[in-house]
Amino acid sequence: GMLGLALLVAGIFAWLGQWQLGNAIDTDPPPAGMTEQVRPLGEVVAPGAYLPEPLVGQRVEVTGSFVAGDFGVVTSRYDDGTPGYWVAGQFRVDPTTAGVDGPTSLAVAVGFTPDRENADAAASALSDAPPQDVTLTGRLISDEGAKEPPRDADPLEITAMSPAALLSQWSDIEGLDVYRPYLVSAEAFGGLQQIHAPAPTELSSVNWLNIFYAIEWAVFAGFAFYMWYRLARDAWEKEVEALSDDIDGAEQPLPRP
């Protein structure tokens with residue numbers, strides 16, 4: 001009975017290991033250099049949708065206009081190793097070119113500077129005279145997630161490039177759809193430096209974590225047989241010991257009357 005149970009458990013573990021191996025190798029990896037082909041934003045991601053991993057860093061093109069008063073400074077930025085600041089704004093996309101219905105906005109990082117005063121000045125100037133009817137190209141990046149500013153900092157300070165955090169400071173947002181990822185513009189505005197945005201590293205077609213899990217399932221299957229072996233050996237040793245005791249008892253001389 002224990003052997004049957006061990007075979008059943010080992011079979012399940014073997015199936016799980018085979019499933020992990022089947023998912024460890026991507027048989028249809030994205031073509032090399034896919035992210036370097038400029039594609040329309042509407043073909044890559046929809047408003048409110050998460051950006052699929054193979055498309056992180058994808059170069060896209062989008063047409064629209066920046067919204068007045070909605071440029072801000074994002075702190076804790078590094079550009080090719082240099083600490084500094086980004087300036088980001090609300091970009092209202094053109095529905096006819098993006099394939100969307102109703103007002104839709106995209107968070108766009110428009111430039112970098114190592115100086116906070118320059119960042120504040122650029123954000124103020126762009127808010128007063130936002131670029132209109134422009135076509136942007138750049139890299140589409142996943143939302144970094146909102147982070148709390150340091151205790152001694154301004155509570156409204158934005159320390160991560162998060163469209164959700166920027167949305168809380170934008171104007172005219174009633175009924176507005178927003179893209180979850182943000183765009184790093186290839187063109188700098190407001191006298192800022194161009195943001196260094198290299199091509200993403202090509203992903204490996206082999207998922208080593210899944211291979212490690214497959215090895216684990218094989219070990220678990222072997223352990224199931226080991227448990228059956230130990231139980232069978234213990235039972236056999238007890239039977240041998242009982243048989244030995246019976247033989248020893250039979251060989252004892254009978255007492256004399």
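User: Over which ring does the charged end of Arg 180 sit?
Analyst: This is a predicted model, in which local features need pLDDT of at least 70, side-chain atom pairs count only at pLDDT 80 or more, and totals for chains, interfaces and linings use all residues. Residues are numbered from 1 along each chain as its sequence is written, and side-chain values use heavy atoms, with hydrogens and water left out. A charge sits over a ring if NZ of Lys or CZ of Arg is within 6 Å of the ring centre and within 35 degrees of the ring normal. The charged end of Arg 180 is 4.1 Å from the centre of the ring in question, which belongs to Tyr 50.

User: How far is the charged end of Arg 77 from the centre of the ring it sits over?
Analyst: Arg 77 has its charged end placed over the ring of Trp 86. From there to the centre of the Trp 86 ring, the distance is 4.8 Å.

User: Which residues form one aromatic cluster?
Analyst: Rings of Phe, Tyr and Trp (its six-membered ring) pair if their centres lie within 6.5 Å, and planes under 30 degrees apart count as stacked, over 60 as edge-to-face and the rest as tilted. The structure holds 10 aromatic pairs. One aromatic cluster is made up of Phe 66, Phe 71, Phe 91 and Phe 189.

User: Which residue in strand 3 is the bridge partner of Phe 66?
Analyst: Helices (H or I, at least four residues) and strands (E, at least two) are DSSP runs numbered from the N terminus, and two strands pair if DSSP finds at least two bridges between them. Strand 2 and strand 3 run antiparallel and are joined by 10 bridges, and the hairpin they form has 2 residues between the strands, with Asp 80 in the turn at a positive phi of about 55 degrees. In this pairing, the strand 3 partner of Phe 66 is Phe 91.

User: Which residue in strand 4 is the bridge partner of Phe 91?
Analyst: Strand 3 also pairs with strand 4, in the antiparallel sense and over 8 bridges. On the strand 4 side, the bridge partner of Phe 91 is Leu 106.

User: Why is strand 4 described as largely enclosed by the rest of the structure?
Analyst: Buried means under 20% relative accessible area, exposed over 50%, and partly exposed in between (1.4 Å probe, protein chains only). Strand 4 is largely enclosed because the number of its residues that are buried is 10 of the 10.

User: Is Gln 58 buried or exposed?
Analyst: Gln 58 is found in strand 2. Contact means heavy atoms within 4.5 Å, and, leaving aside neighbours within four places in sequence, Gln 58 is in contact with residues including Met 34, Val 44 and Leu 140. Because its relative accessibility is 0%, Gln 58 counts as buried.

User: How far apart in space are Leu 192 and Ala 122, C-alpha to C-alpha?
Analyst: Leu 192 lies in the loop between strand 7 and helix 6, and at 11% relative accessibility it counts as buried. Leaving aside neighbours within four places in sequence, its contacts include Val 87, Val 110 and Ala 122. Although Leu 192 and Ala 122 are 70 residues apart in sequence, their C-alpha to C-alpha distance is 7.3 Å.

User: What percentage of the residues of the chain count as buried?
Analyst: The chain has 6 helices and 7 strands. Residues 24 or more positions apart account for 73% of the contacts in the chain with a separation of 6 or more. Of its 257 residues, the share that counts as buried is 33%.
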